Amino acid sequence: MFNASDLPQTIPVFPLPGALLLPRARMPLHIFEPRYLAMIEDAMKTPERLIGMIQPNGSRGLHLIGCAGRLTGFSETEDGRYMITLTGVSRFRTLSEVDGFAPYRRFNVNWSGFERDLGKTESDFDLDRAALLDLLSRYFIDQGLSTDWDAMKDAEDELLINSLSMLCPFPPEDKQALLEAPTLAYRRETLVTLIEFALRGGNDEMLQ
């Protein structure tokens, strides 16, 4: 587990639309672009092994808030691609881009305001699991998705809510809303709103 003092002030960032990483959650990634292969190799040489996942923001570049993950899994294919796993550590706010010779982007970042990301697993005391699973069942049928319902019934609050936030096929702007949720309960409320919106035949408009 990281302490706030362990977190570097500059990290490499990986802009990837629709890819949501949350603290303490795991994200598998398939890396094949040369610049990101270099990013992985450089990150592996640092003690923290952190990479910042962040959403592109149209013509405005990148969203201000992303989530850093630690490289906790790594394998290389015969043709030189990397299969990695990132484990979410903490959200961050970008400050300024760092100029340099690296082929990927690097930013000075601020970790303040996200101290709960470095703490213990969160609980959602107002979670109505039966109601959420019923809503999910209708959503998964509507989207043609499948899942391990027994595992969902037994999962801890944080694992359940964060896994669904990462896996459900929401538009990038809605993924960003889930990322920026200040608490687990607020994220669950946002998740439910997005699912209900989709079931009503909503389009890809950004959540207001």
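Student: What is the accessible surface of the chain, and what share of it belongs to carbon and sulfur atoms?

Tutor: In this predicted model, the accessible surface is about 11,200 Å². Carbon and sulfur atoms hold 51% of that area.

Student: What makes the chain as compact as a globular protein of that length?

Tutor: Start with the elements: the chain has six helices and six strands. Its radius of gyration is 17 Å, and the globule rule gives 17 Å for 208 residues, so the chain is as compact as a globular protein of that length. The C-alpha atoms fill a box of roughly 50 × 40 × 35 Å along the principal axes.

Student: Why is strand β3 called mostly covered?

Tutor: A residue counts as buried when its relative accessible area is under 20%. In β3, residues 50–54, five of five residues are buried. Leu 50, Gly 52 and Ile 54 point one way, while Ile 51 and Met 53 point the other way, and all are buried.

Student: How do you know that β3 pairs with β1 and with β4?

Tutor: Two strands pair if there are at least two bridges between them. Three bridges join β1 (residues 10–15) to β3, and these strands run parallel. Four bridges join β3 to β4 (residues 65–76), which run antiparallel. Both counts meet the cut-off of at least two, so β3 pairs with each of them.

Technical notes. Residues are numbered from 1 along each chain as its sequence is written. This is a predicted model: local features need pLDDT of at least 70, side-chain atom pairs count only at pLDDT 80 or more; totals for chains, interfaces and linings use all residues. Side-chain values use heavy atoms; hydrogens and water are left out. The radius of gyration is taken over C-alpha atoms; the globule rule is 2.2 Å times the number of residues to the power 0.38. Accessible areas come from the Shrake-Rupley method with a 1.4 Å probe; for residues, only the protein chains shown count as cover. Buried means under 20% relative accessible area, exposed over 50%, partly exposed in between (1.4 Å probe, protein chains only).
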